[in-house]
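Reader: Please take me through this model one question at a time. Begin with a term I will need.

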Amino acid sequence: MAQIPIKREPEIQAMRESGALAATILEQLKNLLAPGVTTREIDQAAADLMREYGVKSAFYGYRKFPGHICIGINEEVVHGIGSSRRIQYGDIVKIDVGILHNGWIGDTAATIPIGEISADIARLITATEEALYHGIAAARAGARVGDISHSIESYIKKHRFSVVREFVGHGVGRHIHEEPQVPNFGQPHTGPILKPGMTLAIEPMVNLGTPDVRILADGWTAVTRDGLPSAHFEHTIVITEKEAEILTCLPTQKISKSKAPSLKS
C-alpha cells in the first residue's frame, strides 16, 4: 500500500483556506438552482466563480473530465457533466466542488432539493448527510479507516437505504485522490490506522433503491441501475489528536466537529 501523506500545520492551514473557498463556491451555486436552469449553466457559473476567487477546478481536465464541477440530478449518482438537462421542480440536485488553491485541494459536495419532494426522498437526503457526520465522528486518531466505513454503512442500513460500493471517499491534499481509499462500507477495526495530519474526503453516496450503478455513454456519469434517486454529501477533514476537524466550512460557519444527529425511523 502506498504511504498515506501526513500534513504539517502550515499545510493544514492552506487546506483550511482551500476548503473555505470550495464551501463558499458550493453555497453560491446552491442559490442558483431553480426550475428551468440547465446543469451546463450551473457548471459555467462555477467556472466564473472559480475565476473570480482565483482558484482552479480540480476536476476540469482530470483524466479528461470536461466539467468544472460534478453535477447530477435524481438518478445521477456522481461524476455528472453539465449538459442541456433542465432542473425541474421536485428534482434533487447533487453538486460536487473540487478546487485547487495555492497547490492544495478543497473538496465538498451536497444534495439540494428543488421545491417539494417526497417524504422518502427527503429521508434519503437527511440520512445521507447524517451518515457523513457519523463517519466524521468515527474519524479519530488511533481508529482505523474501517471504523469510518462501518459507521456510515450501519447508519444507512438502519434506515433501509443502500450504499454505493463502486465509488468511495479518499485521501486528499496536493492531489484530488491520495491514499487511503475510504469506502462507505466495511468492517470496524480494519484498514489503515488514522493518524493526526491525515486529510480525508469522506463522501457517502446513498441510493433509494438498489446499490447498483451503471456508467452512461459519456464515460463518466454514474446512474442508479433502477433509475431511483441517489444522494451525495462530502466534507474534507483532517485527523487531529482529538476530534476530526472539518476543513470545508464556510468562513463564517462553525460546524461541530462531531455532529452526528439521529434521523427518526
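Author: A crossing of two helices is right-handed if the near helix is turned clockwise from the far one by less than a right angle, and left-handed if anticlockwise. The model is predicted, with local features needing pLDDT of at least 70 and side-chain atom pairs counting only at pLDDT 80 or more, while totals for chains, interfaces and linings use all residues. Residues are numbered from 1 along each chain as its sequence is written, and side-chain values use heavy atoms, without hydrogens or water.

Reader: Is the crossing of helix 3 past helix 4 left-handed or right-handed?

Author: Helices (H or I, at least four residues) and strands (E, at least two) are DSSP runs numbered from the N terminus. Helix 3 spans residues 119–138 and helix 4 spans residues 145–158. The way helix 3 passes helix 4 is right-handed.

Reader: Is helix 3 roughly parallel or roughly antiparallel to helix 4?

Author: Their axes (lines fitted to C-alpha atoms over the stretch in contact, with angles from 0 to 180 degrees between N-to-C directions) lie 8 Å apart at an angle of about 150°. Angles under 35 degrees count as roughly parallel, over 145 as roughly antiparallel, 65 to 115 as roughly perpendicular and the rest as oblique. Helix 3 is therefore, relative to helix 4, roughly antiparallel.

Reader: How many charged residues are in the contact of helix 3 with helix 4?

Author: Contact means heavy atoms within 4.5 Å, and residues taking part include Ala127, Glu130 and His134 of helix 3 and Asp147, Ser151 and Tyr155 of helix 4. Ala, Val, Leu, Ile, Met, Phe, Trp, Tyr, Cys and Pro count as nonpolar, Asp, Glu, Lys and Arg as charged, and the others, Gly among them, as polar. The contact holds seven nonpolar residues and four polar ones, and the number of charged ones is two.

Reader: What does the angle make helix 1 relative to helix 2?

Author: The axes of helix 1 (residues 9–30) and helix 2 (residues 39–53) come within 10 Å and cross at roughly 140°. So helix 1 is, relative to helix 2, oblique.

Reader: How many nonpolar residues are in the contact of helix 1 with helix 2?

Author: Helix 1 passes helix 2 in a right-handed crossing. Helix 1 brings Leu21, Thr24, Ile25, Gln28 and Leu29, against Ile42, Ala45, Ala46, Leu49, Met50 and Tyr53 of helix 2. Two of these residues are polar, none is charged, and the nonpolar count is nine.

Reader: Which strand gives the most to the lining of the largest pocket?

Author: A pocket is an open set of points on a 1 Å grid over the protein atoms alone, with protein on both sides within 12 Å along at least five of seven lines, and lining residues have an atom within 4 Å of a point. The largest pocket is lined by 25 residues, and Tyr62, His79, Val168, His170 and His177 lie nearest its centre. Strand 7 (169–171) and strand 8 (178–182) each supply at least two lining residues. Four residues, the most from any element, come from strand 8.

Reader: What is the phi of Arg63?

Author: Arg63 sits in the loop between strand 1 (56–57) and strand 2. Although Arg63 is not a glycine, its phi is positive, at about 50°.

Key. On a 1 Å grid over the protein atoms alone, a cavity is a set of points where a 1.4 Å probe fits but cannot get out, and a pocket is an open set with protein on both sides within 12 Å along at least five of seven lines; lining residues have an atom within 4 Å of a point.
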